[in-house]
Amino acid sequence: MKWYKVWVASTRYQKPEALTYASELELKNGNVVVIPLASKQVLGFIDRETAKPKFATKQIAKALDDVFLPKQSQELFAWLMEYYPAGSGATLQLFLPTSLITKKTVKTVATAKTKPKKPFKLPALTKQQKSALETIKGSNKHRFLLHGDTGSGKTRIYIERSTETIKAGKSVLILTPEIALTPQLAEDFSAQFDNQVIIIHSNLTPKARREYWLRIATSKEPLVVIGPRSALFSPLKNLGLIVVDEFHEPAYKQEQSPRYHSLRVAGALAKIQ
């Protein structure tokens, strides 16, 4: 028998430390597990192995084979715990969709591919777009404010930068303030990156949410993830670009617990990645 410290993903658990559970399995840091909490089965992830405690412990119900919360996501979770006042269980729920409890095999999600379409030919860059791209490329800074009226071509800048990021083998995260603004961005990016684009939002079915999460967590190819603020907590392992579209919108603030501001979280994620 082994004992593990496990972070619990449930609003029923508020304390700022991991709980101790027993298991006969050999588990690793980040392994996503199903654990009993009171009368419920909830998700969690392994923080570390620990010594046998002096008190009685419950056993881990099951480990999800080959499913891990990436180190980068663990670090963002730790940062959120330190920066924002909220229960650890509610904070971890941002990272682990409850539908993972009924996980299907990862292989069917991770390896399913279709023949990629030929990218849509983009119009020539305008003088202003070229100037913006040259400024970004020629600077040693890592954060940029791209200003332009509606219809002035900011999305084209996102696509150009995303193309360079994908070619470098890194993923891209595009944030929108609301779900309603996602379809147009998704259409523009899908025309260029086809099945490398994944759309994340709260209106997904539990099955779709689970399958997209598993694909992101297990993908060996760079992806473009598009969605509102909840997309910040996707299990991306090798992120090279974060775009916060319409960053002035108040929808980037989460007003219910766990409260956070997407801009600040995006900055922390960029530093971690």
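**Close-up views of a predicted model**

**View 1. A five-stranded open sheet with antiparallel pairing.** Let's start with an open sheet of five strands, which runs in the order β2-β1-β4-β3-β5 with antiparallel pairing. The strands here, like the helices further on, are DSSP runs numbered from the N terminus (helices are H or I with at least four residues, strands are E with at least two). Two strands pair if DSSP finds at least two bridges between them. At the edges sit β2 (19–23) and β5, and each of these pairs on one side only. On average, neighbouring strands of this sheet are turned by 45° against each other, direction ignored. For angles like this one, axes are lines fitted to C-alpha atoms (for helices, over the stretch in contact), and values run from 0 to 180 degrees between N-to-C directions. Before moving on, two notes on the model itself. This is a predicted model, in which local features need pLDDT of at least 70 and side-chain atom pairs count only at pLDDT 80 or more, while totals for chains, interfaces and linings use all residues. Residues are numbered from 1 along each chain as its sequence is written, and side-chain values use heavy atoms, with hydrogens and water left out.

**View 2. Zooming in on β1 and β2.** Strand β1 (residues 2–9) pairs with β2 in the antiparallel sense, over five bridges. Look for K2: its bridge partner in β2 is S23. β2 is mostly covered, with four of its five residues buried. Buried means under 20% relative accessible area, exposed means over 50%, and partly exposed is in between (1.4 Å probe, protein chains only).

View 3. Helix α7 (residues 206–218) lies across β3 and β5, and it runs at about 55° to β5. Staying with β5 (residues 62–68), you can find D66 in this strand. D66 has a positive phi, near 60°, in a residue other than glycine. D66 counts as exposed because its relative accessibility is 62%.

**View 4. A38, in a loop of its own.** This residue is found in the loop between β3 (31–37) and β4 (40–50). A38 isn't a glycine, yet its phi is positive, at about 55°. Is A38 buried or exposed? A38 counts as exposed, because its relative accessibility is 56%. Leaving out residues up to four places away in sequence, A38 touches R12 and K58; contact means heavy atoms within 4.5 Å. Y4 is 34 residues from A38 along the chain, and the C-alpha atoms of the two are separated by 18 Å.

View 5. Strand β6 (residues 171–175) and strand β8 (residues 224–227) pair in the parallel sense over four bridges. Look for L173, which stands opposite V225 in β8.

**View 6. Where α1 crosses α8.** The axes of helix α1 (residues 71–83) and helix α8 (residues 262–272) come within 10 Å and cross at roughly 135°. α1 and α8 are therefore oblique to each other (under 35 degrees is roughly parallel, over 145 roughly antiparallel, 65 to 115 roughly perpendicular, and the rest oblique). Which residues of α1 and α8 meet? From α1 come Q72, E75, L76, W79, L80 and Y83, and from α8 come R264, V265, A268, L269 and I272. By class, this contact has eight nonpolar, one polar and two charged residues. Ala, Val, Leu, Ile, Met, Phe, Trp, Tyr, Cys and Pro count as nonpolar, Asp, Glu, Lys and Arg as charged, and the others, Gly among them, as polar.
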